[in-house]
Amino acid sequence: MSVTDSRSRGRGLGWGHSNTTLTLILKIGFMLASFYFIAESISSYEYTSLKDVQMKTNQGDKSIGMLGANANITSTNNTTSEDPLVRLRQFVSKAKELLRSGDRDGLTPPLPQEIHYKVSKHQLSTGTSSSFQFSLYPANDTTKTKELAENQYHEIFSSNDQVICKVHHSMMGHFPHFSQAAFPCWSILQRFPNAKRFMELENRESFKSKRWINDMLKVFESAGISIKKPGGTNTTNQYREWIAAPNNIEQPSWPIPDRKDHPTVFKVDGPSYFINQHDVMSLQQHLLQQDYITRMAGSALPLQVLLFQRKGETREWVHAQETANKIKQAWGNWIEVKVLSTLNGNSLKEQALEFHRADIIVSPHGAQLTNLAFIRPCTVVLELFPNQYYLSYFQKYVLSAAGIHYEGYELGRSPLHDTMDTINNSELRGSARGKQMLASPQSILHALPRLILSCLSCQEDDQR
């Protein structure tokens, strides 16, 4: 029968008298109604998947992706503009639109005293991880290394055992290097909750003027970890004494002063300082107490963005405040921006809280990033490196805390190639690390939508 036959066309539209046709039409109508009902049900549960966070295409929100942050928000399906799901969809839509337009339009030439930065996501090299291994042996026989499964430590070691963590760094007086010893010890000693636990530290008195270090030692002691000088503590032999030490922590992530016989080895992936994320969280909880935030980063609007300036120090980010102003102008009430000029004089807890409360952190490379050990899961960190001074160090702090690390480096240059020329030359290295940071506001603003979407999609991955 021809498709243009008027009789078949009438019956196909349901105007004929065929019972079979009428039944088919009713079935199709029922199926369409069911699909509509399912679609509406899914739309009310969209926060479970970022991929499903799409604005409904009714007349009220066709142009929602282009709405300014301070525009009046049109309600959809009788939901007020204060509904967090509606706000989330609008926020994601805006981020996606700005990401598309940024990728399409690119960057205009930088202004004088500005340098455009390329932002890329940090990836671990094949075969590496954000964990580490440690050695455990009796204090009276260093040749008998004991290897145990993770779940055996609390079963085998009791209050009759003493476990002493030994870590040394050649520059312990500077708190980032001190953390290279303290964090691994914290992580190792979490494996022995029933034993008497110690961290060995030479000359604690020399750290009296170091507030960050002193505060960290107090956190250890509050968790039942004693700080001891080198030497015996088991003079009566009433305890079984064990020595624990992390493997390959001292060297090569942070360049040390030139030594012609032992030049610094440059590696993309430096050592890690926590065995797992649980150890990071336990340290945060002991330090922050009631101020510890259980929810992941990016779980509430407005998003909290922290820009660190390093005012008056090497690698000062000259355009930090201007970048904050442009972010506020572009994003309005969706984002709260805070510029932190310095942390000098702040307690450990005060410093940790600044990082713990942020959803996105943009900062030059520097000692203040030691506090990345206190970020929440899904926090996005953009670390800005000066030309010829790209180092693998704080990336692992971010990954251990289940954050996301991005790296910013001068557009059009190779961080690895540039740094290879300076890493073993103390004069060139000192010059590179001492320069001001001229990262342009435009390049940070250009990268921000990608950072935002990484933060939000991280939650989706965690929920799976």
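Between which two elements is the loop that holds R310 found?

1. R310 is found in the loop that runs between β7 (303-308) and α8 (320-331). Helices here are DSSP runs of H or I with at least four residues, strands are runs of E with at least two, and both are numbered from the N terminus. The model is predicted: local features need pLDDT of at least 70 and side-chain atom pairs count only at pLDDT 80 or more, while totals for chains, interfaces and linings use all residues. Residues are numbered from 1 along each chain as its sequence is written, and side-chain values use heavy atoms, with hydrogens and water left out.

2. R310 has a relative accessible area of 5% and is therefore buried (under 20%; exposed is over 50%, partly exposed in between; 1.4 Å probe, protein chains only). Neighbours within four places in sequence aside, R310 is in contact (heavy atoms within 4.5 Å) with R315, E316, L340, S341, P364, H365, G366, A367 and Q368.

3. Helix α9 (residues 348-356) is largely enclosed by the rest of the structure, because 7 of its 9 residues are buried. These are L348, Q351, A352, L353, E354, F355 and H356. The elements covering them include α6 (211-222), α7 (277-288), β7, β8 (335-340) and β9 (360-364).

4. Five strands form an open sheet in the order β2-β6-β3-β4-β5, with mixed pairing; two strands pair if DSSP finds at least two bridges between them. β2 (134-138) and β5 (225-228) are the edge strands, each pairing on one side only. From one strand to the next, the twist averages 25°. β2 pairs with β6 (residues 240-246) in the antiparallel sense over 5 bridges, and L136 has A244 in β6 as its bridge partner.

5. Helix α5 (residues 175-189) lies across β2, β3 (161-165), β4 (196-200), β5 and β6, and runs at about 165° to β4. α6 also packs on the sheet, where it touches β4 and β5, and its direction makes about 130° with that of β5. Axes are lines fitted to C-alpha atoms, for helices over the stretch in contact, and angles run from 0 to 180 degrees between N-to-C directions.
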